[in-house]
Number of protein chains: 2
Amino acid sequence: MAKVRVENFTITVDGFSAGVNQRMDAPFGDGVDGLHDWMFAAQDDKAAGRGGIDASYIGRYDDTTGATIMGRNMFGPFRGPWEDESWQGWWGDNPPYHRDTFVLTHHPRPTLPMKGGTTFYFTDDPIEQVLERALTAANGKDVTIGGGAATVQQYLRAGLIDELHVVVSPILAGAGERLFDNLADGLGNYRVDSVVSSPKATHVQIVRR
Amino acid sequence: MAKVRVENFTITVDGFSAGVNQRMDAPFGDGVDGLHDWMFAAQDDKAAGRGGIDASYIGRYDDTTGATIMGRNMFGPFRGPWEDESWQGWWGDNPPYHRDTFVLTHHPRPTLPMKGGTTFYFTDDPIEQVLERALTAANGKDVTIGGGAATVQQYLRAGLIDELHVVVSPILAGAGERLFDNLADGLGNYRVDSVVSSPKATHVQIVRR
């Protein structure tokens with residue numbers, strides 16, 4: 001049974017997944033330097049075959065994820081109508097998704113096929129319909145909700161997420177976008193399944209009750 | 001040099017130190033069942049000489065703390081003027097402080113000496129002056145800021161806290177009082193010094209930069 005998962009979603013100790021003032025040279029905004037250091041180190045560890053807690057977490061789902069959904073702010077720093085459509089995301093011409101990736105936006109634009117198997121679809125359909133499309137595209141594999149916080153919150157409020165892997169980095173942002181906010185009773189049917197710390201990160205696994 | 005510390009301050013994974021609707025039979029409000037389970041188990045472990053991460057944290061400061069400051073909501077469930085002054089706190093006639101304890105309140109009442117060395121002083125003085133009184137009372141030992149969240153936030157905004165030991169319990173509250181809120185740039189001069197997880201709790205030590 002395909003699952004809907006949030007994975008490697010990283011927040012500060014004070015709860016922020018992004019700082020204020022996201023822009024071209026600061027995709028995650030101000031005050032969150034080092035937020036993803038654990039992940040880069042884990043990728044190095046994994047590539048070098050060194051293992052470790054962090055590496056084991058990032059590698060868990062490589063073969064089981066078939067499609068991704070993200071918010072438009074995760075795709076780029078722009079707001080409102082596209083000035084042009086030359087922006088192809090933060091990740092260069094070969095994004096790390098390698099699968100169909102749906103971008104939620106009030107300003108759809110043509111489908112954007114990239115190298116390496118990633119295809120960006122831009123849609124203003126209701127989130128439930130986008131999830132249905134993503135599940136179809138995933139063809140039996142899981143769908144990941146990539147972020148940012150507002151997108152995860154939308155799917156949590158709708159009760160559509162099966163598992164969240166939240167990672168707490170040992171930094172303080174002071175301000176920004178909180179993951180655990182605007183949820184109404186969106187967490188009422190979830191529980192913490194495990195908490196594991198490495199020297200660089202604390203991994204919190206949240207599942208349905 | 002005496003320090004001003006927050007210790008054993010426990011929050012949920014989603015950041016709350018208390019749920020909504022604090023009342024007589026729910027000192028921490030709704031939705032936070034199990035918030036302090038780690039602490040009770042650690043106290044048992046310590047009493048039995050079993051040690052462990054959690055026990056080592058709660059025992060760190062037994063001999064070095066000389067006075068405590070808390071907000072009125074930590075002292076009791078009442079708001080506004082005291083209907084009477086028979087309430088003596090949540091802790092029975094021998095509170096676990098065993099030292100001078102200052103309660104911040106807009107509704108002062110007479111000093112309340114208890115068994116075991118705890119004396120509650122009720123004051124509406126500015127927080128800086130209360131801290132001076134507490135440091136004098138501590139006579140060279142540290143002062144702890146007990147809570148709740150609003151009291152810790154006041155002292156953080158004023159830059160008066162030297163160290164915070166925050167404990168994350170593996171539960172989700174969904175709503176309540178957040179520790180890391182209303183801080184303006186109150187965290188700007190602090191950094192995370194360490195993060196350590198036991199099976200029951202994640203200990204985050206925050207210190208001045």
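In which sense do β10(B) and strand β11 of chain B pair, and over how many bridges? The two strands, β11 covering residues 202–208, run antiparallel and are joined over seven bridges; strands are DSSP runs of E with at least two residues, helices are runs of H or I with at least four, and both are numbered from the N terminus. Two strands pair if DSSP finds at least two bridges between them. One such bridge links Ser194(B) to Gln205(B) in β11(B).

This is a predicted model, in which local features need pLDDT of at least 70 and side-chain atom pairs count only at pLDDT 80 or more, while totals for chains, interfaces and linings use all residues. Residues are numbered from 1 along each chain as its sequence is written, and chains are lettered from A and ligands numbered from 1 in the order in which they are written.

Stepping back to the whole sheet of chain B, nine strands form an open, mixed arrangement in the order β5-β6-β4-β3-β7-β1-β8-β11-β10. Strands β5 (112–113) and β10 (190–197) of chain B stand at the edges with a single partner strand each, so one side of each lacks a neighbour in the sheet.

Now for the two chains together. A rotation of 180 degrees with 0.0 Å of shift along its axis superposes chain A on chain B, with RMSD 0.0 Å (least squares on C-alpha atoms of residues with pLDDT of at least 70 in both copies). The copies are thus related as by a two-fold rotation axis. Ser197(A) is the residue of chain A that comes closest to this axis, at 2.8 Å (C-alpha).
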